[in-house]
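Please view the sequence and the structure together while reading.

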Amino acid sequence: MKVCIVGTGYVGLTTGTCLAFLGHDVTCVDVDEAKIESLRAGRIPIYEPYLDDLLAEAHDKVRFTTDYGEGLNDAEVVVIAVGTPSAADGAPDLRFLRAAADSIGENLGSGYTVVVNKSTVPIGSGNWVDSLVRESFERRSDAAGQFSVASNPEFLREGSAIYDTLYPDRVVIGSDDDRGLDVLSRLYRPILDQSFVPPPFLQRPAELGAVPLISTDLASAELIKYSANAFLALKISFINEIGQLAEKVGADILHIARGTGLDQRIGPRFLQPGIGWGGSCFGKDTSAIIATAREYKLDMPIISAAHETNRRQREIVVDKLLHELRIIKGRTIALLGLAFKPNTDDLRDAPALEIAQRLLDLGARIRLHDPVAMDRLRAERPDLAPFLCDSAETAATAADALVLVTEWPQYLEMQWGKLAAAMRRPIMLDGRYALDPRRLTAAGFRYFALAGWNPGGDTVELDY
Ligand code: NAD
């Protein structure tokens, strides 16, 4: 099938590469010329495991362009994957979506095309995109083709985006036109049936059978995405709220999380305590669902509370340091991990940046390190660039405290004795419950976690 992807960021590039690997003929369009140049030259502008390997396998089926006409030429499916960041009032900023819809209408081919919205958009955006595409399409003198609009929300996680796309828990498609749904189920057939030969570097999980397809109307598909993200966000905030109580009563939050999550009705995933969520989706999407509900005079008290709890977790990091160090002015605090989670270089709504700013505001000196996100930080936050250190060890030298903000694997196994000896005060605040308190204590650290009592030294496998 001929497919055009509009917006070649984390979602668009992953989707385009996977569809090309499955045998579709893919053209990725983006307005960012530098990004397209870089992709044409074989340089991938984001850090995402296996993306380069898969792109190498699929290179003869995928092209990159800034020209909509070239991208849309005869495409049966056009996938919109442009950004939908939050505006100041929490509602999504739909500027990029509007521009993409206009350009699609201006360049639509003469056959039948399904315009699929993969960007996370407010409920009702499908109809809006339909009207925008139609308006710009009908302005043309040569408008001859037909199209319908569908929604196909994306559930991938950065850091395991290729795995999540090839081996998803489900595929959701929504349209008010059966013809569009039929085209999309053909597009995803190899994934739904798992009939493709897996790439050698990313084997199919043994237990995976056919992938469920949820085929529904437009509004339901759009709301499924918000519902899923809001639920995941509140699971994390829930366990963090319990963590605060656990600390007061002297209980172990890791045992509580495990004892709660082993109930099959609840499940262990996204029940890991810590600094909380960040990234481009949870904050934005929970704000968006609250903003949409407000238009209908509905409150979303559970989702609002999850938001507030998550905000507080970042404050708790600074409060804990204040409590531990008493005076924070002039002290040197090193933050390990800047990306909002391991295996990505994405810094959008990353807790580390907010914590760094608060520490600076309080007069602390900061040092920052991340295994992959430092170049992105230099580009996106040049004001913080002077605080970057070339290694975790350099960041720790003569520091008064270390904070594990992002649980990159390389931070979990370090020469703790050497590190403690190099610090002014060997204090470790483990923001992710990822380190072994017994080992750190034996190495000379004063170890503490974000909340709760953890004498057993268990660590959790983090998964979000
Ligand atoms: P991104 O910012 O990485 O990529 C968006 C791309 O769209 C950029 O390359 C930008 O240059 C391009 N673009 C903007 N306007 C354009 C236009 N008019 N025409 C063509 N290209 C244009 O964003 P992302 O993280 O890939 O997210 C895309 C959407 O997917 C968002 O709605 C997001 O909420 C949703 N989503 C993201 C994730 C994730 O983990 N990143 C997961 C699920 C859903």
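A residue is called buried when its relative accessible area is under 20%, with a 1.4 Å probe and only protein chains taken into account. The model discussed here is a predicted one, and in it Cys18 has a relative accessibility of 1%, so Cys18 counts as buried. Cys4 is likewise buried, because its relative accessible area is 0%.

How many disulfides does a search of the whole structure find? The search finds zero. Cys4 takes part in no disulfide, and the nearest cysteine sulfur to its own, belonging to Cys28, lies 7.9 Å away.

For Cys18, the closest cysteine sulfur is again in Cys28, but at 11 Å the separation is too far for a bond. The cut-off behind this reasoning is that two cysteine sulfur atoms must lie within 2.5 Å to be counted as a disulfide.

## The ligand and its polar contacts

The ligand is surrounded by 28 residues, of which the closest are Asp30, Lys35, Tyr68, Thr84 and Lys284. A side-chain N or O atom of Arg348 is 2.9 Å from a ligand oxygen, whereas in the case of Tyr10 a polar backbone atom is 3.1 Å from an oxygen atom of the ligand. Taken alone, the ligand would expose 830 Å², and the protein buries 90% of that area.

## The shell around the ligand

By residue class, the shell divides into 12 nonpolar, eight polar and eight charged residues.

## Ser175 in strand S7

Ser175 belongs to strand S7, which covers residues 171-175. Is Ser175 buried or exposed? With a relative accessibility of 4%, Ser175 counts as buried. The side chain of Ser175 also reaches the backbone nitrogen of Asp177, at a distance of 3.0 Å.

Notes
Residues are numbered from 1 along each chain as its sequence is written. This is a predicted model: local features need pLDDT of at least 70, side-chain atom pairs count only at pLDDT 80 or more; totals for chains, interfaces and linings use all residues. Side-chain values use heavy atoms; hydrogens and water are left out. A residue is near a molecule or strand if one of its heavy atoms lies within 4 Å of it. A polar contact is a pair of N or O atoms within 3.5 Å; within protein, one must be able to donate a hydrogen and the other to accept it, and residues adjacent in sequence count only if both atoms are side-chain atoms. Accessible areas come from the Shrake-Rupley method with a 1.4 Å probe; for residues, only the protein chains shown count as cover. Ala, Val, Leu, Ile, Met, Phe, Trp, Tyr, Cys and Pro count as nonpolar, Asp, Glu, Lys and Arg as charged, and the others, Gly among them, as polar. Buried means under 20% relative accessible area, exposed over 50%, partly exposed in between (1.4 Å probe, protein chains only). Helices (H or I, at least four residues) and strands (E, at least two) are DSSP runs, numbered from the N terminus.
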